[in-house]
Amino acid sequence: MTRTRGSTVLFGLFLLSGFSGLVYQVLWTRMFALVLGTTVYAVATVLGVFMGGLALGSHVFGRRADRAGSSGLRTYALLELAIAGWACAFPWLMRGSDALYRALWPLVEDSAVGQLGLRVSLVALVLLVPTTWMGGTLPVLSRALVRNRATSGRLVGRLYAVNTFGALCGCALTGFLLLERLGMRNTLWLAGGINLVVGVAALWLAKRSDSPTAAAAPQPQAPADAGPDEPFSLAQRRAVFAVFAASGALSLALEVLWTRALTYFVSVDTWAFSAMLTTFLLGIATGSWVMSAALPRLRDPLRALASVELALGAATAASIPLLRTLYTLTPDLGHGSLPAVLVTKLLASAWIMLLPALLMGAAFPLVGRICIAGTRDEGIGTSTGALFAGNTCGAILGSLGAGFALIPWLGIEGAVLLVAALYASLGLVVWVVRPCSRTVRWSSAAAGLLLLAGAFTFHGQPIVAFSPYLHPDAPLQRAEGWRLLYHRENAHACLAVLENHNGTRALNINGIVTAADNYLDMQVHRMLSHLPILLHPDPHRVLVVGFGMGSTVWGCCQHPLDVEVVELLRDERRTAHYFSAINHGVLDRSLRTLRFRHGDGRNHLLATRERYDVVSFNAIHPRFSANLYTREFYQLCRARLTESGVVCAWMTQNSLTDREWRMLCRSFVEVFPHATLWYCNPEHYCLIGHCSPPEVDLTTWRRRSAQSTVAADLRDSNLANPEVLLGRFLFGGDALRRYVAGAPLNTDDRPRIEFSLEDKHDERRIAEELAAAQQDVAALLPRACEADRTALRRRQAATRHLMSGQIDFWYPRGSTRAAARASSETALRRALALFPDCEDIRRNLQAHDALRASYTARATAQPTDALAHRELGRIALERAELDAARTHLTTAHRLRGDDPETLRLLGLTLLFRGENALSGGTFDRLFTLLRFQMSPDNATAQYAAGIALQRLGHAAGEQWTEQAAKQLPGVAAWFDALQTLARGEGHR
């Protein structure tokens, strides 16, 4: 085999080596995150050890490759085979690491420094050896290919480009295909198999190259890289080496900063991260390859390197205004087909990253040409290894420094600008090490200082300001008027508190609203706290995973229990006071029964030896926190529960298909076969896992829920009545197991929920099927008397109507908004007829006591406020207070004149009072105002007018009701339900 053909084969093998290397990095980061916790510190530890191993391998094996008699090709083959063997052993090493972590946890449980040290030690123990082998592949292969320094820059640059291109292929395929299709373990075997094939092929090539025939083959001389006849000076090479190491730090810092910023626009799922890293690696590989080809034509590599670094500074600074335009470029992300979403993620990443990444890649061949040009031919491996080691060590510092120092200190935009200034300063450093005048040197130094001073004084806007909630062009901003109350960009996440024009406050993490203090969300949080505790026969200890707004923790603290909360984001202590209205300053009360832990919930469950009676967790959407929705996580919960323990999982079917929803439920039921499902609202549910068949003693439930502090908290969400909360039971046991049968599992090895994206979701169908499948809650109360059973059945019937009304409101179905609204109101009024005292149902009808008190205060303060009187009249009508309704609506009509909604409500009130003639006259005035334009929006008034005409004996009445029914199907049911309430004919 000729040397040229052998070199081509080696380039191909090194491409496969880069492919497997990135597969390992993605897999190992995910696997160790499961063992060590999904914190940024754990991931940074994995990355730091990974990069440190690469640096160590580059240095050690670079020197080894230059030893006399050393075969770089044979060493490369042995390294690849060793990596393959380590990959095969990795699952068993992980189990050992898991066991060791649990054994040592009690020693460091209360020490953040100790925990970090334990994590670093365990990761280093498992990963340092294989990553050192990986780091050695570039210098030993460089030594095998590069025979003289004249071709060093071009060949080393091409090797780097080929390896990086393989890495980007590994990253893309792992993120977009392999993890979903094969799972983590099978993907690990695939990567190990690739290393095995590469190692065997390299050994075969090494034997061929050592044969007499191969030794006698002619060795064509590659054209030398153009450049100065004399090698660069020692000072120049040292300066360039330092610049390259610093560039490694800046490039990884930028990757961290851009990734954090891009999460606001392309989400935080696996595909988004894969798209970002793929774009980054594509730019580096392409830039390195192009510059390697251009090296023979470059007369001054130092000048070219200085230009590249200066251009990098400019391109990095330009990414700040580009980031601000991303929302307008990706407004509909997540609403198209899967290919469209993936392309959008890639294009958004390329918009920000590609040009700077191209320039980063272009620097490596130039540095190789400069730093290796002055070495002896037999020192090429050492020089290449040193270069790669320096750049990699810089990358470690950049990654950690960006996350833990630059972002909290300067914010994302400020940190990006500082990196840009540092890149430009590096370019000036390279510029001045060339032969130049003293004036040029001083001018360059002054320019660098000015750039850095400008960067330090720059105050950029928080990246959340350009998200869909605050961007001035965003529909959410225009509709709800969100404003920023607090923001904090730190190592863990970008945390913000938002408030809309209704006064609703929301906790926003990385661009995603994870909690809000509105009525319906608060019902969810109160169910997450109180429901599992009330379902437990005798609870003493509770673990809450996730602090959030603090309302769930507050609810748990109202029971006489020891409460422990584990929260990943320490800054949620700072945001807690923005939600003091619902958490009552729970962290400031120094409650003896409350213990706050800063850490990862899964990590805590893995390592702690404590046992809990109740575990409740409220994560963000499963697509963004898949590690808390796998079978293995639920097994961790089960292992930490007492014999009669209960676990409560917040479940959402928002933006999911029916298959995905059932998959998430089945993963839970697989561990807790006695699970029960409870309704919060059409999007949100509580899935309760019981260690034994659940049985509720109604007397005990009433006694515990009637405790003053518990009742007060439940009363704020109109859940204090035990029958209301119990009425939200859907089904469990055998029925739940049948419901999820046949669905796949979401596991640590195959977290399918991360890789599922459908254009159309099944939210309405899921909610309707769950409502239709509701079972008798009396099955959970075998000792309840018949009177209680009857009352509970009636409450459950009311809940079914409530669900129907909410489903129609949340997921409108029909040709018009009027039809959906009428259908929703009809169901809610039927619910209220069955349960007239239920303030929760009245809340959904916007006819509750709190709202009436608010409008009463307005009308008292400003008696001429027509809107306040109109709304008071509407609420009185819904509550069968027809005299009060007539008074308020007449006042509103007098104050405002011919307001269509006031006339409609007044006409209905008069009709239900039996004042048919006045009612008919009022409706006549309304239709004169509307110029008798019949439409679904005024079909309810038309139908009521027809009823009034019929009662007055006019033949046209029947025609009017028939026309209204054609305009708005279901209008008759709407009228009958309202009439039932207005006349006070509900069951009491």
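Trainee: Which helices do the buried residues of H33 pack against?

Mentor: In this predicted model, the buried residues of H33 pack against helix H32 (866-878), helix H34 (900-912) and helix H38 (971-982). Burial is read from relative accessible area, with under 20% counted as buried. In H33, that group consists of Leu882, Ala885, Leu889, Thr891 and Ala892.

Trainee: What is the span of helix H33, and what follows the helix?

Mentor: The expected span of a helix is 1.5 Å times one less than its number of residues. Helix H33 covers residues 882-896, 15 residues, and its first and last C-alpha atoms lie 21 Å apart, close to the expected 21 Å. After H33 comes Gly897, with a positive phi near 90°.

Trainee: In what order do the strands of the open sheet stand?

Mentor: Two strands count as paired if at least two bridges are found between them. Here four strands form an open sheet in the order S1-S2-S3-S4, with antiparallel pairing. Strands S1 (483-489) and S4 (512-516) are at the edges with a single partner strand each, so one side of each has no neighbour in the sheet. On average, neighbouring strands are turned by 25° against each other, direction ignored.

Trainee: How many bridges join S2 to S3?

Mentor: Five bridges join S2 (residues 494-499) to the antiparallel S3 (residues 505-509). One example is Ala496, whose bridge partner in S3 is Asn508.

Trainee: Which helix gives the largest share of the lining of the second largest cavity?

Mentor: A cavity is a space where a probe fits but cannot get out. The second largest cavity has a volume of about 80 Å³, and H28 gives the largest share of its lining, four residues.

Definitions and conventions. Residues are numbered from 1 along each chain as its sequence is written. This is a predicted model: local features need pLDDT of at least 70, side-chain atom pairs count only at pLDDT 80 or more; totals for chains, interfaces and linings use all residues. Side-chain values use heavy atoms; hydrogens and water are left out. Helices (H or I, at least four residues) and strands (E, at least two) are DSSP runs, numbered from the N terminus. Axes are lines fitted to C-alpha atoms, for helices over the stretch in contact, and angles run from 0 to 180 degrees between N-to-C directions. Buried means under 20% relative accessible area, exposed over 50%, partly exposed in between (1.4 Å probe, protein chains only). Contact means heavy atoms within 4.5 Å. On a 1 Å grid over the protein atoms alone, a cavity is a set of points where a 1.4 Å probe fits but cannot get out, and a pocket is an open set with protein on both sides within 12 Å along at least five of seven lines; lining residues have an atom within 4 Å of a point. Grid points are joined across faces, edges and corners, and a volume is the space filled by probe spheres set on the points.
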